[in-house]
Amino acid sequence: MSINNLDPNNSMPIHLDSLSTEEKYMLRCIQIAKNGLGTTAPNPMVGAVIVNDGVIIGEGFTSAFGGSHAEVNAINSVSDTSLLKSSTIYVTLEPCSHYGKTPPCADLIIKMSIKKVVIGLKDPHEKVAGNGIKKLEEAGCNVQVGILQKECKEHHKRFLTFYTKKRPYIILKWAETADGFIAPEPLKRGEEKKPFWITNAKSRQLVHKWRSEEPGILVGTNTVLADNPQLNLRDWVGKPPTRVIIDRSLKIPSDFFVLDGKQKTIICTEIKDSSLYKEGIAYKVFDFKSKLPQQICDMLYTEQIQSIIIEGGSQTLKSFIESNLWDETRIFKGASCFKSGLKAPKIEGRIQEQIQVLTDQLTIVRND
């Protein structure tokens, strides 16, 4: 039997018959942790499972930011807490050891006398970074680290990238025709500013699902001027991402959707005159002559945006590719042909998966 999901967030095939018992419990932690995708940031989406005598007696995943962590939710789900003293808790990431929005999870594990703790990964955050493990061991807990480590790293890729590379996890996304164009010639568009669809409705809905999973979405000036996109969640339910718009000279008309103030929006510009700024929109001033992608990454890090989807246009995508500032690319190839127009970017990397979405083909490429 294998577990495999067509979603890029769960695309690693795992054969259950090759796993040890402990690995199966950790896999369950990863599965339930995905329930927090899109809601926990800047906290990691952790999963926790409590096992007693071969039976799962409690499960939990990280609540939306500001709420309880996975370990707390798992412990609170146990109906007979007297069993905790003879139980093992499995968790995808090292339990925290510091006070934040909530008390340390390591302290609660110790308080409830859980003697064995199995951890997928050590937490790279400077406030944890082994201190949770140390605290548990000093309290007499049997701590095991590194179970399904590869899979836990994949699951926590956003959080790990943010704290080890000091930038968000960057997902590039575009749709191209069968003959390799991402946009038609301007004459084919007509006068109305709206997207020119290459993909089918199911693929477009999937993109809206992805938007609900990442805290940020970025596009360039030309894409906004050509398409007047909303960059929201019309086809999915969830929290809309922060819109990050590159608008060097503030060319975008004030009545365009990205300036409607309906969701948080950051404009990246070189214009310092705040009298030209629209109320309710955040403006960040950049030097457009010097490594703009890196400057944007630095700003996103400061803003605590742990991951972002870059949806276009061609020049924006190319600038991040050429700067090698990307982690994953999701490319839809539609069935139609333009014969001429704006060519799709070229990218090199490891093809992780190719998926058929009705008439479209989705290719996931990783920057390993």
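Arg-158 and Glu-214 form a salt bridge whose closest N and O atoms lie 2.7 Å apart, a salt bridge being a side-chain nitrogen of Lys or Arg within 4 Å of a carboxyl oxygen of Asp or Glu. The pair links distant parts of the chain, 56 residues apart, with Arg-158 in helix 6 (residues 157-165) and Glu-214 in the loop between helix 7 and strand 10; helices (H or I, at least four residues) and strands (E, at least two) are DSSP runs numbered from the N terminus. This is a predicted model, in which local features need pLDDT of at least 70 and side-chain atom pairs count only at pLDDT 80 or more, while totals for chains, interfaces and linings use all residues. Residues are numbered from 1 along each chain as its sequence is written, and side-chain values use heavy atoms, with hydrogens and water left out.

**Salt bridges**

- Arg-158 and Glu-214 are both buried, where buried means under 20% relative accessible area, exposed over 50%, and partly exposed in between (1.4 Å probe, protein chains only).
- A search of the whole structure finds 19 salt bridges, and one network of them links Glu-154, Lys-157, Glu-328, Arg-330 and Arg-366.
- Glu-328 pairs with Arg-330 at 2.7 Å between the closest N and O atoms; Glu-328 has a relative accessible area of 0% and is buried, and Arg-330 is likewise buried at 0%.
- Asp-368 and Arg-350 meet in a salt bridge at 2.2 Å, N to O, with Asp-368 exposed at 68% relative accessibility and Arg-350 partly exposed at 40%.

- Strand 6 (residues 116-121) pairs with strand 7 in the parallel sense over 4 bridges, and Val-118 has Gln-144 in strand 7 as its bridge partner.

- Strand 11 (residues 242-246) and strand 12 (residues 265-269) run parallel and are joined by 4 bridges, with Thr-265 in strand 12 as the bridge partner of Arg-243.

Technical notes: Two strands pair if DSSP finds at least two bridges between them.
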